[in-house]
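Reader: Could you walk me through reading this structure, feature by feature? I'd like the general idea, then the case at hand.

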Amino acid sequence: MKIGIGIAGTGIMARVHAEEVIKNKRTELVAVASRSMERARDFAREYNIKAYTDYQEMLDNKKIDAVIIANHNDKHAELGIKAAKAGKHILVEKPIDISLKKAQMLLRECYSNKLKLSVISQKRFDPKILELKKKIERKEFGDMPIIRINADFRRNKEYYESSEGWRKKNANSGGGVLINQGIHHVDIARWILGEAKSVLGYTERRIHDIEGEDFCSATIKFLNGATAIIRCSSTAANNKEEIIIEWENKRIVYNESIIHKLKNTLLNYDILNKILLRRGNILVRKQIDDFAGSIINDRQPLVTGEDGIEALKIVQSIYESAKLKRKIMVC
């Protein structure tokens, strides 16, 4: 059985998904939808699929079993709800949306129609992250470890102005580096340590001409007493991610992945995108395979809609804490 996939969006992440859908033996790329007929046709021609400018018309295609939503952050739940009403399973790019209310509506729609909903958080499929989670579950780092996540990204003017500049506007993106990049690390921390209790956040805009932040630091306290300290920025000279585990005067560092070493050597955003597409993204491929497997075997995907909502709650709590300049509880 192959799962027929339609993609909403024609940007770089839509292409990453298209490449990995094609490579997966359990999925088939069927169609793409975009507001621009030119972009839709170019994308469809590249992958030999059908092009739509009417999203609902794509959803009416009976060959499509599931939809990957790779559009502006503020469109995620809206497009997802339409897909759920059409009986399609949904894999949505992070964040699940910028509105918690709309994200919850999406989740309810999927529940009522007995559909699978998964949110992109491909770092969960990283073998090093999986190993770390197992070690924490075995209490190899004690009962209340401290996890420090440092995530430096190099994002230039081209990045923020690409795709009609939606990443520059809070109304479209929901914020800056935290909701667009750091949410991955928020999700990993919650997945490893459990439910969050409170946050203390700080954000600022240092160099980029955007409405959101390009630097964020946050301390997250969890119900089990563990702590995560996350620092992320999009102003770095190089791309680097590391996770540091501290417990009982001991320390372990999980270093950056090969893909980030590759990014360090690149200056042009368009060239970077082309190389990433050629090279592929094994973690996205793994998540797409997990999503397809959840449909075929009627099980929950590794990353659920609830996971996407909880990550969004933490992110929005960090923003609120930064605004109020005090610790707040995560609801």
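Predicted model: local features only at pLDDT ≥ 70, side-chain atom pairs only at ≥ 80, totals over all residues.

Reader: Fine. What is the strand order of the open sheet of 7 strands?

Author: Strands of a sheet pair through backbone hydrogen bonds, either parallel or antiparallel. Here the order is S12-S11-S7-S10-S9-S8-S13, with mixed pairing. Strands (E, at least two residues) and helices (H or I, at least four) are DSSP runs, numbered from the N terminus, and two strands pair if DSSP finds at least two bridges between them. At the edges sit S12 (250-254) and S13 (328-329), each pairing on one side only.

Reader: How many bridges join S8 to S13?

Author: There are 2, and S8 (residues 196-204) runs antiparallel to S13. Val199 has Ile328 in S13 as its bridge partner. S8 also pairs with S9, again antiparallel, over 8 bridges, and Glu204 is opposite Phe215 in S9.

Reader: And how many residues lie between S9 and S10 in their hairpin?

Author: The hairpin has 4 residues between the two strands, and Gly225 in the turn shows a positive phi of about 95°. S9 and S10 are antiparallel, with 7 bridges; one of the pairs is Ile220 with Ala228 in S10.

Reader: At what angle do H6 and H9 pack?

Author: H6 (residues 127-137) and H9 (residues 177-193) cross at about 35°, with axes 9 Å apart. Axes are lines fitted to C-alpha atoms, for helices over the stretch in contact, and angles run from 0 to 180 degrees between N-to-C directions. On the H6 side, Ile129, Leu130, Leu132, Lys133 and Ile136 meet Ile188, Trp191, Ile192 and Leu193 of H9, where contact means heavy atoms within 4.5 Å. That makes 8 nonpolar residues, no polar and 1 charged. (Ala, Val, Leu, Ile, Met, Phe, Trp, Tyr, Cys and Pro count as nonpolar, Asp, Glu, Lys and Arg as charged, and the others, Gly among them, as polar.)

Reader: Is Ser321 buried or exposed?

Author: Buried, at a relative accessible area of 0%. Buried means under 20%, exposed over 50% and partly exposed in between, with a 1.4 Å probe and protein chains only. Ser321 belongs to H13 (residues 305-324). Leaving out residues up to four places away in sequence, Ser321 touches Val199, Leu200, Gly201, Arg326, Lys327 and Ile328.

Reader: Why call H1 largely enclosed by the rest of the structure?

Author: Because 9 of its 12 residues are buried. Among them are Arg15, His17, Glu19 and Glu20.

Reader: Last one: how many disulfides does the count come to?

Author: A disulfide is a covalent bond between the sulfur atoms of two cysteines. The rule asks for a pair of cysteine sulfur atoms within 2.5 Å, and the count comes to 0. For Cys232, the closest cysteine sulfur is in Cys216, 4.7 Å away and too far for a bond. Cys232 is buried at 0% relative accessible area, and Cys110 is buried at 2%.

How values were computed: Residues numbered from 1 in each chain as written. Heavy atoms only, no water.
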